[in-house]
Amino acid sequence: MRVELVANVASGSVGRDGPERAEAILAEHGVEASVHAPAGGELEPCLSEALARKPDVLFVLAGDGTARAAAELAGPDGPLVAPLPGGTMNMLPRALYGERAWSEALKACLTHGEERMISGGEVAGRLFFVAAILGSPALWAEAREAARQGRADLAVMRAQRALRRAFSSRLRYVLDGRPKEKAEALTLMCPLVSTALDAEERALEAAALDPTNAIDIFRLGVKTVTGAWRDDPSVSVQRCRVGRAWAGGRIPAILDGEPVRLDDHVTIRFRPKAFRALALKDGAP
């Protein structure tokens with residue numbers, strides 16, 4: 001079995017000794033692998049080079065952005081991808097491996113791994129496999145990223161901008177040919193994580209969030225914590241296979257935990273076959 005492993009040692013929970021530890025775990029299971037620890041700006045080229053060597057499995061030990069990029073680059077016809085939890089939020093790894101630390105997830109993949117085709121979504125030509133958020137609430141992620149980088153001044157500035165944008169630039173959208181609607185934000189969840197969708201369902205769960213004031217936001221926040229957010233009167237939930245969204249300017253968004261800026265008009269579609277994951281068998285310890 002040909003195995004490639006790409007690790008970002010600067011990411012959240014990887015650590016400088018992450019590549020060596022991963023190589024040792026692979027060796028303990030009789031797997032000889034090519035292990036790479038590229039510098040930050042070389043991560044995506046390294047992923048492309050690793051995939052070009054046509055491995056059977058590509059392990060990725062990094063944050064959400066790198067995990068998403070690896071799955072997108074591999075696609076449905078590429079090798080198995082195992083995104084290990086090396087970042088802060090670890091959205092895709094948690095969806096596949098639960099709350100396991102990366103070393104335990106790696107061991108579980110080697111002993112109880114199986115191939116699983118993962119569906120996903122696409123916004124403006126960019127894929128996501130867990131969830132996407134479109135609209136002004138996504139600006140808070142930019143403040144979070146600045147805080148994570150130790151830029152308190154930039155985090156405050158971005159938080160102030162997020163507050164100014166709240167309720168000032170609503171999103172318009174059309175889903176599956178239904179009438180045009182508007183909301184403060186549109187959240188798109190993949191079958192991998194949505195509790196309202198069967199894992200095999202061929203659609204995204206689209207939740208329009210339309211709070212009108214701070215009290216609505218507080219109430220929605222409480223319900224999000226308790227898991228009852230779908231019942232909130234400011235939330236409208238439906239299925240979506242194709243759609244489009246637009247706004248008066250560039251649309252802030254979060255794709256699988258990573259903040260991005262999109263054009264002022266974007267297309268949306270469900271991707272039934274997005275990439276092949278090395279997932280865990282049901283009941284894996």
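Q: Contact means heavy atoms within 4.5 Å. Among contacts between residues at least 6 apart in sequence, what share joins residues at least 24 apart?
A: This is a predicted model: local features need pLDDT of at least 70, side-chain atom pairs count only at pLDDT 80 or more, and totals for chains, interfaces and linings use all residues. Residues are numbered from 1 along each chain as its sequence is written, and side-chain values use heavy atoms, without hydrogens or water. Of the contacts between residues at least 6 apart, those joining residues at least 24 apart make up 68%.

Q: How many helices and strands does the protein have?
A: Helices (H or I, at least four residues) and strands (E, at least two) are DSSP runs, numbered from the N terminus. The protein has 8 helices and 16 strands.

Q: What percentage of the residues is buried?
A: Buried means under 20% relative accessible area, exposed over 50%, and partly exposed in between (1.4 Å probe, protein chains only). The protein has 285 residues, and the buried part of them is 50%.

Q: How much of the accessible surface belongs to carbon and sulfur atoms?
A: The accessible surface (Shrake-Rupley method) comes to about 13200 Å². The part belonging to carbon and sulfur atoms is 51%.

Q: Is Glu 28 buried or exposed?
A: Glu 28 sits in helix H1, residues 18-28. Its relative accessible area is 62%, so Glu 28 is exposed.

Q: How far apart in space are Glu 28 and Lys 107, C-alpha to C-alpha?
A: In sequence, 79 residues separate Glu 28 from Lys 107. In space, C-alpha to C-alpha, the distance between Glu 28 and Lys 107 is 9.5 Å.

Q: What is the relative accessible area of Glu 23?
A: Glu 23 also belongs to helix H1. Glu 23 is partly exposed because its relative accessible area is 42%.

Q: Why is helix H3 largely enclosed by the rest of the structure?
A: Helix H3 spans residues 64-74. Its buried residues include Asp 64, Arg 68 and Ala 74. Helix H3 is largely enclosed because its buried residues number 8 of the 11.

Q: Which residue with a positive phi follows H3?
A: The residue after H3 has a phi near 65°. That residue is Gly 75.

Q: Which residues does Thr 66 contact, leaving aside neighbours within four places in sequence?
A: Thr 66 lies in helix H3. Its relative accessibility is 13%, so Thr 66 counts as buried. Beyond those neighbours, Thr 66 is in contact with Leu 43, Leu 47 and Val 60.

Note on methods. Areas by Shrake-Rupley, 256 points an atom, 1.4 Å probe, with all protein chains shown as cover.
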